[in-house]
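Thank you all for coming; I would like to walk you through one model this morning. Please have a look at the sequence and the coordinates before I go on.

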Amino acid sequence: MPDCLFCKIIDGTIPSEKIFENEEFLAFKDINPQSPVHILIIPKKHLAKLSDCGNDEKEILSGLLLTANNVAKEIGIAESGYRVAINSGDDGGQLVHHLHLHLMGGGKLDGRMA
Ligand code: 5GP
Ligand code: ZN
């Protein structure tokens, strides 16, 4: 997607602090962290939002969660705990229209979800 910020991060047009990358997924630091650890995990395939996904995206969606858990293990926050969040659509607070999962941790998080 030519005008998509995260597609530009995938192709390197826009720089990012990469944490993990394989053929399907990329993990990089959020530019405006809301917690000591705040990483975004995105599929390399452009999907605008979670609510657009269906059975065809089963592997991508499960891979997104498993990648988050693997990254959490790799950076040492899996045991202390972490939160994953996906904002979908306007009411969900989604600002970047490329499916992404927020991985947050590195300290006790606020219990509120909104
Ligand atoms: P959303 O609200 O769409 O779920 O989250 C978008 C996230 O992308 C926000 O947490 C925001 O800080 C992050 N973000 C926006 N622009 C950039 C950027 O250019 N680079 C990086 N690394 N993160 C970004
Ligand atoms: Zn995109």
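Which space does ligand 1 take? Ligand 1 takes the space of the largest pocket, a pocket being, on a 1 Å grid over the protein atoms alone, an open set with protein on both sides within 12 Å along at least five of seven lines.

A word on conventions: this is a predicted model, in which local features need pLDDT of at least 70 and side-chain atom pairs count only at pLDDT 80 or more, while totals for chains, interfaces and linings use all residues. Residues are numbered from 1 along each chain as its sequence is written, chains are lettered from A and ligands numbered from 1 in the order in which they are written, and side-chain values use heavy atoms, with hydrogens and water left out.

The zinc ion (ligand 2) is coordinated by Cys4 (SG), Cys7 (SG), His46 (ND1) and His98 (ND1) at 2.1 to 2.3 Å, where donors are N, O and S atoms within 2.8 Å of the metal (3.2 Å for Na, K and Ca). Along the chain these donors follow the spacing C-x2-C-x38-H-x51-H. Cys4, at 7% relative accessibility, counts as buried, and so does Cys7, at 11%, buried meaning under 20% relative accessible area with a 1.4 Å probe and protein chains only.

How values were computed:
Buried < 20%, exposed > 50% of the residue type's maximum accessible area, 1.4 Å probe, protein only. 1 Å grid on protein atoms, 1.4 Å probe; cavity = no way out; pocket = protein on both sides within 12 Å on 5 of 7 lines; lining within 4 Å. Sits in = over half its atoms within 2 Å of the grid points.
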